[in-house]
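Please walk me through the features of this structure, giving the general idea behind each term and then the case at hand.

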Amino acid sequence: MEERLQSVDEVVDKYARRSTPLMRKIYVFVGCLFVVFAIIGIWVPGWPTVSWAVPAAYLFSISNERLFRWSLTNRYFGSPLFDYYATGKTIPKHAKYWISVFITIMSIFSIWITTLAGDPGYGQAFIAVVWVIGVWWIFAKVGSRE
């Protein structure tokens with residue numbers, strides 16, 4: 001298992017990258033949009049916060065070191081992001097189980113709604129395939145920690 005990084009400086013040194021000036025502007029714009037969505041999640045029940053902050057932090061890590069540092073240290077979602085990066089981009093094992101439960105519940109609900117809407121089966125099949133891929137990805141590709 002990879003050793004836990006102890007400081008924001010270590011995380012920034014390991015994960016911050018540079019991109020072209022045009023791509024940096026695009027990444028910062030999209031990252032800021034994701035931050036707005038994450039901020040909405042602070043006040044709207046059921047709207048994810050960290051789920052929007054993770055891709056924002058990634059986009060900042062490849063475009064703007066100052067914004068990447070900010071995303072790792074802000075008071076609303078900085079702590080979970082720092083833990084994610086400091087532990088080698090892993091999530092707690094119990095979180096994987098809850099994520100898969102929520103993906104399953106929402107997939108079943110979406111299949112039910114699609115059926116009620118009169119879809120002949122193509123939409124339901126697509127949702128089921130994406131559900132299986134999503135759950136597989138969480139367990140096979142995302143690292144976990146205790």
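Q: Which helices do the buried residues of α3 pack against?
A: Buried means under 20% relative accessible area, exposed means over 50%, and partly exposed lies in between, with a 1.4 Å probe and protein chains only; a contact means heavy atoms within 4.5 Å. In this predicted model, where local features need pLDDT of at least 70, side-chain atom pairs count only at pLDDT 80 or more, and totals for chains, interfaces and linings use all residues, the buried residues of α3 pack against α1 (8-15), α2 (21-43), α4 (65-73) and α5 (78-86). Residues are numbered from 1 along each chain as its sequence is written, and side-chain values use heavy atoms, with hydrogens and water left out. The buried residues of α3 are A53, A56, A57, L59, F60 and S61.

Q: How many residues does helix α3 have, and what span does it reach?
A: Helices (H or I, at least four residues) and strands (E, at least two) are DSSP runs, numbered from the N terminus, and the expected span of a helix is 1.5 Å times one less than its number of residues. Helix α3 covers residues 50-61, which makes 12 residues, and from its first C-alpha to its last it reaches 16 Å, close to the 16 Å expected.

Q: How many helices and strands are there in the chain, and what pattern do they follow along the sequence?
A: The chain has seven helices and two strands, and their pattern along the sequence reads α-α-α-α-α-β-α-α-β. The C-alpha trace spans about 50 × 35 × 30 Å along its principal axes, and 32% of the 146 residues count as buried. Of the contacts with a separation of 6 or more, 66% are between residues 24 or more positions apart.

Q: How many aromatic pairs does the structure hold?
A: Rings of Phe, Tyr and Trp (its six-membered ring) pair if their centres lie within 6.5 Å; planes under 30 degrees apart count as stacked, over 60 as edge-to-face and the rest as tilted. The structure holds 12 such pairs. In one of them, the rings of Y15 and Y85 have centres 5.0 Å apart and planes at 65°, so this pair is edge-to-face. The pair links distant parts of the chain, since Y15 is in helix α1 and Y85 in helix α5, 70 residues apart. Y15 is buried at a relative accessible area of 13%, and Y85 is buried too, at 1%. Y15, F68, Y84 and Y85 form one aromatic cluster.

Q: Why is the pair of F109 and W112 tilted?
A: The ring centres of F109 and W112 are 6.0 Å apart and the planes stand at 45°, so the pair is tilted. An α-helix has 3.6 residues a turn, so residues three or four places apart point the same way. Both F109 and W112 lie in helix α6 (residues 93-116), three residues apart, about one turn of the helix. F109 is partly exposed, with a relative accessible area of 43%, and W112 is partly exposed as well, at 49%.

Q: Which backbone atoms does the side chain of N74 reach?
A: A polar contact is a pair of N or O atoms within 3.5 Å; within protein, one must be able to donate a hydrogen and the other to accept it, and residues adjacent in sequence count only if both atoms are side-chain atoms. N74 is found in the loop between α4 and α5 and counts as buried, at 10% relative accessibility. Its side chain reaches the backbone oxygen of S71 at 3.3 Å and the backbone nitrogen of F77 at 2.9 Å.

Q: Is T114 buried or exposed, and which residues does T114 touch?
A: T114, in helix α6, is buried at 18% relative accessibility. Not counting residues up to four places away in sequence, T114 touches D119, G123, Q124 and I127.

Q: Where is K89 placed?
A: K89 is in the loop between α5 and β1, and has a positive phi of about 60° although it is not a glycine. K89 counts as partly exposed, at 30% relative accessibility.
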